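Hi,

Here is the structure I said I would pass on. Have a look at it first, and then read on for what turned up.

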Amino acid sequence: MATPSSSSPIRLMALMLGLAFVLLSIKFIAFFITHSNAIFTDALESIINFVTGGFALYSVYLAAKPKDQDHPYGHGKIEFLSSGFEGTLILLAGVAIIIKSIYNLLYPHPIESLDWGILLTAVTGGANYLAGRYLVRTGTHQHSLTIIANGKHLLTDAYTSVGLIIGLVAIYFFEYVWLDAVVAIIFGSIITYTGYGLVRNSISGVMDEADHELITRIISVLNQRRRQNWIDLHNMRVIKYGRQLHIDCHLTLPWYFNLVESHAEVEALQEIITEELGDVVELFVHLDPCLPPDSCKLCTKADCHVRENAFIGRVEWTLENVIENEKHVLI
């Protein structure tokens with residue numbers, strides 16, 4: 001299955017919203033047939049899927065709007081709010097499920113037609129798994145936190161369905177009615193943890209927490225394709241605005257470069273990063289002049305006509321030394 005283009009996330013989320021409604025209906029049919037507390041747990045989470053799917057659709061639509069005078073960095077931050085909203089509802093649903101399941105453990109009720117319940121749960125679990133994997137892959141490709149969050153939510157729903165089926169099969173064959181509530185408590189706990197993770201990630205995005213994995217990926221590519229004129233790189237920062245990335249850094253060039261030559265080096269840097277991350281990058285580079293004779297020790301430029309010191313060794317760029325706001329030197 002091909003990954004949709006960047007122009008199709010709205011259509012994709014609308015499709016997922018329709019799927020959520022269908023699966024929600026199937027799960028509640030299974031609950032009314034069986035009166036299983038565990039199946040009700042699954043159905044209640046599907047309500048969350050549907051509600052958050054609607055909010056996710058709106059957030060993807062808003063995030064896709066172009067920049068304007070009131071939002072010079074675009075509208076991508078809405079995706080963090082969408083993910084946080086989804087995580088909060090999931091967390092609350094998990095807590096509610098645990099409370100209700102403890103009550104049913106103390107005051108059990110009869111369960112009926114578990115064979116149909118198992119079948120319908122398997123159908124919805126399989127659909128959630130396929131949809132979840134597709135969303136995570138698509139969201140990663142398009143750098144959309146909203147799509148990734150929805151995909152992870154559906155995958156969690158699918159995994160809990162597997163455990164739910166195992167529990168229902170045990171109840172069906174061994175008639176341990178109390179196991180229904182225990183299964184619901186276990187999966188209520190998993191759902192609560194999933195919600196917490198989504199809330200945590202959304203807060204990180206709003207607070208512009210550094211994504212060290214992403215920065216390391218960028219640094220690795222720049223090390224591999226490093227140009228002789230790039231004497232030093234430091235003070236790198238990456239801010240996320242939904243799928244858009246705003247990157248700041250300081251680049252040290254030979255002090256005698258004119259504006260045209262310096263601009264060409266910035267363009268080369270932009271091209272490398274864009275090839276790695278796609279056209280979602282907005283790059284701002286502060287240019288620093290080299291400072292002979294200290295800069296000469298780590299400068300690999302072979303045709304420098306003003307070198308004041310012999311080349312000693314190249315500084316390998318790493319996460320630790322690139323994010324600091326200090327020029328690199330060799331003692």
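This is a predicted model: local features need pLDDT of at least 70, side-chain atom pairs count only at pLDDT 80 or more; totals for chains, interfaces and linings use all residues.

The protein has a radius of gyration of 26 Å, whereas a compact globule of 331 residues would come in near 20 Å. That radius is taken over C-alpha atoms, and the globule rule is 2.2 Å times the number of residues to the power 0.38. Along the principal axes, the C-alpha atoms fill a box of roughly 90 × 40 × 35 Å.

Residues are numbered from 1 along each chain as its sequence is written, and side-chain values use heavy atoms, with hydrogens and water left out.

Overall picture

You'll find 9 helices and 3 strands in the protein; helices (H or I, at least four residues) and strands (E, at least two) are DSSP runs numbered from the N terminus. Going from the N terminus, the order is α-α-α-α-α-α-α-β-β-α-β-α. Of the 331 residues, 49% count as buried, where buried means under 20% relative accessible area, exposed over 50%, and partly exposed in between (1.4 Å probe, protein chains only). The protein exposes about 16600 Å², and carbon and sulfur atoms supply 64% of that; accessible areas come from the Shrake-Rupley method with a 1.4 Å probe, and for residues only the protein chains shown count as cover. Among contacts (heavy atoms within 4.5 Å) with a separation of 6 or more, 73% come from residues 24 or more positions apart.

The 3 strands make an open sheet with the order 1-2-3 and mixed pairing. Strand 1 (232-241) and strand 3 are the edge strands, each pairing on one side only. From one strand to the next, the twist averages 15°. Two strands pair here if DSSP finds at least two bridges between them. Helix 7 (residues 212-224) lies across strand 1 and strand 2, at about 140° to strand 1. For that angle, axes are lines fitted to C-alpha atoms, for helices over the stretch in contact, and angles run from 0 to 180 degrees between N-to-C directions.

Most residues other than glycine have a negative phi, and most peptide bonds are trans.

- Asn235 has a positive phi of about 55° although it is not a glycine. Asn235 sits in strand 1 and is buried, because its relative accessible area is 10%.
- His35 is another non-glycine residue with a positive phi, near 60°. His35 is in the loop between helix 1 and helix 2 and counts as partly exposed, at 33% relative accessibility.
- Pro292 and Pro293 are joined by a cis peptide bond, with omega about 5°. Pro293 belongs to the loop between strand 3 and helix 9.

A few residues in detail

Ser36 is in the loop between helix 1 (9-34) and helix 2 (37-63). Buried or exposed, Ser36? Buried, because its relative accessible area is 0%. Leaving out residues up to four places away in sequence, Ser36 touches Phe31, Ile111, Leu168 and Asp180. A polar atom of the Ser36 side chain also lies 3.3 Å from the backbone nitrogen of Ile39.

Thr192, in helix 6 (residues 178-206), counts as buried at 18% relative accessibility. Apart from neighbours within four places in sequence, Thr192 is in contact with Leu91, Gly94, Val95 and Ile98.

Gly126 is in helix 4 (residues 114-142) and is partly exposed, with a relative accessible area of 33%.

Asp303 lies in the loop between strand 3 (281-289) and helix 9 (319-322), and counts as exposed because its relative accessibility is 54%. Its side chain makes a polar contact with the side chain of Lys301 (3.0 Å). A polar contact is a pair of N or O atoms within 3.5 Å; within protein, one must be able to donate a hydrogen and the other to accept it, and residues adjacent in sequence count only if both atoms are side-chain atoms. Asp303 and Ala93 are 210 residues apart in sequence and 66 Å apart in space, C-alpha to C-alpha.

Cheers
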